[in-house]
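Here are my notes for you, point by point. Have a look at the picture before reading on.

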Amino acid sequence: MSDLRELYQEVILDHNKRPRNFRALDPPSQKAEGFNPLCGDRITVHLRLKDGVIEDVSFEGSGCAISKASASLMTDALKGRSVGEADALFQEFHRMVTAPVDAPVEIGRLDKLAVFSGVREYPVRVKCASLAWHTLRAALEAKEDVVSTE
Amino acid sequence: MSATVLSTPPEVFDVGRIRKDFPILREQVYGKPLVYLDNAATAQKPQSVIDAMVRSLTEENANIHRGVHWLSERATKSFEDAREKVRRFVNAADVHEIVFVRGATEAINLVAQTYGRTHVSAGDEILISTLEHHSNIVPWQMLAAQVGARLRVVPINDAGELLMDDYVALLTPRTRLVAIVHVSNSLGTITPVETIIGHAHARGVPVLIDGAQAVPHLSVDVQALDCDFYVFSGHKVFGPTGIGVLYGKHALLERMPPYQGGGDMIRSVTFEKTDYNIVPFKFEAGTPNITGAVGLGAAIDYLERLDWRAVQAYEHGLHAYALERLTAVPGVRLVGTAASKASVISFVMDGVHPHDIGTILDQEGVAVRTGHHCTQPVMHRLGVPATARASLAFYNTREEVDALVAALDKVREIFA
């Protein structure tokens with residue numbers, strides 16, 4: 001098992017302590033709530049879309065360092081992106097955190113989000129890293145129901 | 001248990017010898033010795049339990065209660081011997097008061113769907129408490145929805161103790177059943193079950209006690225308690241999973257309709273009419289977990305070979321030591337500080353989510369549970385989304401508590 005610092009990288013610890021875009025959005029905006037019943041992580045992702053582009057995105061809630069930092073870095077990465085780009089990023093992110101441990105990390109367009117590559121060594125934590133992204137998808141579809149990782 | 005006076009010197013209890021009885025304690029995790037502090041989730045099994053189950057499968061596997069052949073009679077005897085061991089273990093008056101089920105959860109569902117369906121009606125009340133595990137909440141919610149009854153909840157204070165004045169006030173002429181936990185699985189609180197039962201009985205209300213976390217720590221005497229139902233799971237008391245116990249007073253069990261229909265629970269079947277078997281068989285439809293029952297019987301044998309007073313004194317000392325060490329860790333706050341408490345310790349750490357604590361501890365070989373422990377109302381009431389929980393058994397040591405504290409130092413280092 002690799003060093004814990006691979007999982008808890010400085011960037012992650014920093015975003016956990018000082019989450020960016022940690023607030024609600026004023027209307028008109030859409031939102032969705034995500035819940036990880038395993039550990040009780042609960043977040044709400046707020047979105048403001050204009051002409052298919054994410055004009056603003058934010059989140060609220062409570063969770064572990066991985067889920068909070070993931071939400072924080074996700075919101076930073078998504079501002080100004082089209083819905084299509086956001087979806088592509090989601091796919092890349094998901095591929096990275098669920099890739100086999102010995103596969104090379106494909107950074108692609110992930111940029112800063114690559115700090116979560118260490119998560120793949122901790123299968124029970126993959127859901128923590130992807131909760132924000134699943135919730136984002138629901139917010140894009142403006143689903144009313146709570147999204148669950150289960 | 002924390003009120004127990006140390007009547008036996010801890011030296012009498014040789015934990016090193018006890019640990020040899022549990023083969024899994026020799027395992028390593030990531031090259032470090034396993035420090036198993038998740039006993040409230042499931043307890044480890046002594047070799048004698050494993051051997052008894054292997055013997056059951058290799059030497060006496062047959063179906064029970066129906067074969068005339070030698071092997072079936074032998075399997076039946078082992079299964080029924082296990083029932084008698086359970087009777088002795090909880091001091092039930094009659095072996096027919098012991099119903100084998102899959103676990104505490106199934107036992108509670110059984111009572112809800114048999115006793116509950118026939119004794120609880122629209123407008124009636126079922127009284128539970130904030131401390132309950134989801135398994136002592138949801139079956140009653142389901143019953144309440146089915147019959148139009150109402151669930152009432154005894155509140156707790158910030159220490160995690162039941163508010164007994166509120167309990168008494170919540171016993172109304174509509175209360176049909178009280179279902180309360182004996183030892184809280186998330187906080188370790190030992191509830192005053194004798195007083196709870198006394199008040200309920202004074203009003204003619206029967207009481208179910210969820211003893212899943214109590215039996216590994218306390219001596220339970222259902223006749224002394226005078227509870228109407230007592231439930232527990234085999235795997236938390238050093239036996240296997242998939243076997244558990246419903247104790248019910250004979251007169252109550254007699255009056256209850258069957259739970260599931262099928263083989264073994266009948267006396268005679270025609271297409272016109274079926275006569276049910278006597279208790280407890282009326283509640284044991286289908287081929288039961290024979291090997292599981294044998295394993296549970298062996299676990300009880302194991303516990304009865306120990307000097308239980310010495311075990312309790314040792315566990316009490318270990319619990320006190322763990323509390324002392326944990327409260328000295330900067331940023332750690334205990335959740336659940338009841339005056340009467342079993343060795344289940346929930347805690348949170350400033351600025352670190354319990355899930356992160358769990359992952360880091362795991363890397364040090366220390367197994368704890370993190371999350372809401374299937375007690376979301378407790379977490380909600382105490383204002384924490386989750387806790388880390390170290391739950392101790394009599395095979396744990398002070399060195400293992402030290403390993404937990406050292407691992408927590410590592411958590412602090414990473415999250416500094």
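What percentage of the 150 residues in chain A do buried residues make up?

1. The answer is 42% of the 150 residues in chain A. A residue is buried if 20 or more other C-beta atoms, placed from the backbone, lie within 10 Å of its own.

2. A word on the ground rules: this is a predicted model, where local features need pLDDT of at least 70, side-chain atom pairs count only at pLDDT 80 or more, and totals for chains, interfaces and linings use all residues. Residues are numbered from 1 along each chain as its sequence is written, while chains are lettered from A and ligands numbered from 1 in the order in which they are written.

3. On confidence (pLDDT, the predictor's own score for each residue, from 0 to 100), chain A has a mean of 89, with 93% of its residues at 70 or more. Helix H3 (residues 65–78) of chain A scores highest, at a mean of 96, and strand E4 (residues 147–148) of chain A lowest, at 64.

4. Chain A has five helices and four strands, with helices being DSSP runs of H or I of at least four residues, and strands runs of E of at least two, numbered from the N terminus. Walk along the sequence and you get α-α-β-β-β-α-α-α-β.

5. The C-alpha atoms of chain A fill a box of roughly 45 × 30 × 30 Å along the principal axes.

6. Now for the neighbour: 14 residues of chain A are in contact with 14 residues of chain B, contact meaning C-beta atoms, placed from the backbone, within 7 Å.

Conventions: Two residues are in contact if their C-beta atoms, placed from the backbone, lie within 7 Å. A residue is buried if 20 or more other C-beta atoms lie within 10 Å of its own, exposed if 12 or fewer, and partly exposed in between; C-beta atoms are placed from the backbone.
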